[in-house]
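The following questions and answers concern the protein chain shown below. Please read them alongside the sequence and the model.

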Amino acid sequence: SDPCFPSSSIVNKADGTPTRLDALKEGDKIVSATAEGSLTTDTVSLLSLAKPAASGKKFVTLTTASGAT
């Protein structure tokens, strides 16, 4: 009952398109991070889609010294 991320949060699709979590569909490819911190892509599965009306935790945005977020 406690989703990992708010449905209004933004992620990048593998093609670089920023997309709200609640707009993702099963099979979409998104940019994700590995446990080691490098970027990769992952495929949205049916089990990873949450309830759009549910509230969740907030994201923390980090900015590197070079200005990347």
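Q: Which residue in the turn of the hairpin formed by S3 and S4 has a positive phi?
A: The model is predicted, so local features need pLDDT of at least 70 and side-chain atom pairs pLDDT 80 or more, while totals for chains, interfaces and linings use all residues. Residues are numbered from 1 along each chain as its sequence is written, and side-chain values use heavy atoms, with hydrogens and water left out. Strands S3 and S4 form a hairpin with five residues between them. The turn residue with a positive phi, of about 100°, is Gly37.

Q: In what sense do S3 and S4 pair, and over how many bridges?
A: Strands are DSSP runs of E of at least two residues, numbered from the N terminus, and two of them pair if DSSP finds at least two bridges between them. S3 covers residues 29-33 and S4 covers residues 39-43. Their pairing is antiparallel, and the number of bridges is five.

Q: Which residue in S4 stands opposite Ser32?
A: The pairing of S3 with S4 is antiparallel. Within this pairing, the residue opposite Ser32 is Thr40.

Q: Is Asp28 buried or exposed?
A: Asp28 is found in the loop between S2 (18-20) and S3. Buried means under 20% relative accessible area, exposed over 50% and partly exposed in between, with a 1.4 Å probe and protein chains only. Because its relative accessible area is 16%, Asp28 is buried.

Q: Which backbone nitrogen lies 2.8 Å from a polar atom of the side chain of Asp28?
A: Leaving aside neighbours within four places in sequence, Asp28 is in contact (heavy atoms within 4.5 Å) with residues including Ala23 and Val44. The backbone nitrogen at 2.8 Å from its side chain belongs to Lys25.

Q: Which residue meets Asp28 in a salt bridge?
A: A salt bridge is a side-chain nitrogen of Lys or Arg within 4 Å of a carboxyl oxygen of Asp or Glu. The N to O distance here is 3.9 Å. One partner lies in the loop between S1 (10-12) and S2 and Asp28 in the loop between S2 and S3, so the pair ties together parts 15 residues apart in sequence.

Q: With which residue does Asp22 form a salt bridge?
A: By this rule the count of salt bridges comes to two. Asp22 counts as partly exposed at 34% relative accessibility. Its closest N and O atoms to the partner are 2.7 Å apart, and that partner is Arg20.

Terms used:
Helices (H or I, at least four residues) and strands (E, at least two) are DSSP runs, numbered from the N terminus. A polar contact is a pair of N or O atoms within 3.5 Å; within protein, one must be able to donate a hydrogen and the other to accept it, and residues adjacent in sequence count only if both atoms are side-chain atoms.
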